[in-house]
Amino acid sequence: MVEWCLPQDIDLEGVEFKSMASGSHKVQSDFIYFRKGLCFGLACFENMPVESELERGARMKSVGILSPSYTLLYRYMHFLENQVRHQLEMPGHYSHLEAFYDDKKGVLPAGKGTSSSQPPVHWLPSIHRYMYPEMKFFGEQIFILWKFALLRKRILIFSPPPVGVVCYRVYCCCCLANVSLPGIGGTVPESKPFFYVNVADIEMLETEVSYVACTTEKIFEEKRDLYDVYVDNQNVKTHHEHLQPLLKINSADKEKYQRLNDQRQMLMYSQEVEEDCSSCEEDLFILFFMEQNNRIFQTLMEVSASQDKTLTADHARGMGLDPQGDRSFLMDLLEVYGIDVMLVIDNPCCT
């Protein structure tokens with residue numbers, strides 16, 4: 001139940017299920033990002049053993065905030081962690097929370113629609129130390145997720161609690177689809193991070209054409225009409241027949257993964273030898289995928305502006321793609337982004 005909130009007239013229906021993930025009773029502490037209407041939330045959870053039959057031996061609380069933007073929420077994580085501990089030890093004392101609200105309430109824009117078109121670009125560097133391990137977590141599979149993210153598929157990541165780190169995986173998937181070229185993706189649904197979702201969100205998810213989210217509820221796996229891609233640990237799968245070819249790692253994916261690792265090694269070497277700490281691994285990762293995406297769309301736009309509009313195997317290789325292995329990905333990409341070119345990469349003959 002929601003025991004206290006400010007402002008008191010805000011619609012918080014269902015927020016108690018978002019700010020305390022299903023299965024949280026199994027962990028001592030966690031944090032959770034979620035979406036509520038047009039706002040994004042961050043809540044910190046803690047589970048404290050108590051000698052009380054009424055509370056069945058455990059007192060569990062979450063303290064959270066809502067904002068039209070998710071990019072700055074992390075700044076208040078330390079405050080929320082302290083406050084949830086304070087609420088467990090001294091229930092009913094809300095003066096710190098009241099002071100926090102009075103201080104911050106005028107800072108954030110409150111107009112309708114302010115959060116709906118927020119591009120998933122950089123969070124500020126402080127968040128990054130949490131992000132990179134989540135990027136590495138997927139290994140070569142990151143390039144499978146990259147293709148699905150570019151195609152704006154509905155991606156659902158399952159994991160048991162703690163759910164905080166999985167929220168970063170959601171954000172990472174959105175970062176894979178960044179494009180900085182003007183005029184690209186205007187007609188395509190934005191890559192939306194929904195962060196944590198549960199069964200109470202099913203009705204809302206039914207209407208979404210593109211999102212990235214995570215859940216701790218295994219029942220979602222059976223609800224195939226809600227997602228295109230299901231990620232369980234490092235296992236990426238899809239029930240759509242036409243997307244099956246995208247699950248295979250091809251030679252171009254392996255080359256890109258090697259290149260990403262090489263760049264990372266060079267960065268680590270320069271940090272060690274030249275003591276250059278101005279750039280970090282996460283910036284490298286985000287930039288790597290943005291440059292890769294820009295190269296693809298730059299080539300596609302150039303070909304679509306040419307006289308014969310013919311996209312060849314050489315073009316595919318120039319974009320860092322496998323002419324055969326990425327054929328169906330390229331065809332989907334052209335359709336999703338409405339790019340008018342003719343693909344002349346033949347399927348290899350069966351022998």
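## Ground rules

Two residues are in contact when heavy atoms of each lie within 4.5 Å. This is a predicted model, in which local features need pLDDT of at least 70, side-chain atom pairs count only at pLDDT 80 or more, and totals for chains, interfaces and linings use all residues. Residues are numbered from 1 along each chain as its sequence is written, and side-chain values use heavy atoms, with hydrogens and water left out.

## The chain as a whole

The protein chain holds 11 helices and 10 strands. Both are DSSP runs, numbered from the N terminus: helices are H or I with at least four residues, strands are E with at least two. The chain has 351 residues, and 49% of them are buried. Buried means under 20% relative accessible area, exposed means over 50%, and partly exposed lies in between (1.4 Å probe, protein chains only).

Take the contacts between residues at least 6 apart in sequence: 65% of them join residues at least 24 apart. The accessible surface of the chain is about 17700 Å². Carbon and sulfur atoms account for 52% of that surface. Such areas come from the Shrake-Rupley method with a 1.4 Å probe; for residues, only the protein chains shown count as cover.

Find F194 in strand β5 (residues 193-196). Its relative accessibility is 2%, so F194 counts as buried. Leaving out residues up to four places away in sequence, F194 touches F34, R35, V170, M204, L205, E208, Y211, V212 and A213. Look at A213: it is 19 residues from F194 along the chain, yet their C-alpha atoms are separated by 4.9 Å.

Now find K18 in helix α1 (residues 15-18). K18 has 7% relative accessibility, so it counts as buried.

## Helix α5 and its partners

Helix α5 covers residues 142-150. Nine of its nine residues are buried, so the helix is mostly covered. Among them are I144, L145, F148 and A149. After α5 comes R152, with a positive phi near 60°.

One partner is helix α9 (residues 281-305). The axes of α5 and α9 come within 13 Å and cross at roughly 55°. Axes are lines fitted to C-alpha atoms, for helices over the stretch in contact, and angles run from 0 to 180 degrees between N-to-C directions. Angles under 35 degrees count as roughly parallel, over 145 as roughly antiparallel, 65 to 115 as roughly perpendicular and the rest as oblique. That is why α5 and α9 are oblique to each other. Their crossing is right-handed, meaning that the near helix is turned clockwise from the far one by less than a right angle. From α5, I142, F143, W146 and L150 take part; from α9, F285, F288, F289, Q292, N293, I296 and F297. These residues divide into nine nonpolar, two polar and no charged. Ala, Val, Leu, Ile, Met, Phe, Trp, Tyr, Cys and Pro count as nonpolar, Asp, Glu, Lys and Arg as charged, and the others, Gly among them, as polar.

Another partner is helix α8 (residues 251-273). Here the axes are 10 Å apart, and the angle is about 110°. α5 is therefore roughly perpendicular to α8. F143, W146 and K147 of α5 meet D253, K256 and Y257 of α8. This contact has three nonpolar, no polar and three charged residues.

## Helix α9 meets α11

Helix α9 also packs with helix α11 (residues 327-337). Their axes come within 12 Å and cross at roughly 70°. The two helices are therefore roughly perpendicular to each other. I296, F297 and L300 of α9 meet L330, L333, L334 and Y337 of α11. By class, the contact has seven nonpolar, no polar and no charged residues.

Most residues other than glycine have a negative phi, and most peptide bonds are trans. Which peptide bonds are cis here? One joins L6 and P7, with omega about -10°. P7 lies in the segment before α1. Another runs from P161 to P162, with omega near 5°. P162 sits in the loop between β4 (154-158) and α6 (164-175).

N233 has a positive phi near 60°. It lies in the loop between β7 (229-232) and β8 (235-237). K309, also not a glycine, has a positive phi of about 50°. K309 is in the loop between α9 and β9 (310-311). N233 is partly exposed, at 46% relative accessible area, and K309 is partly exposed at 27%.
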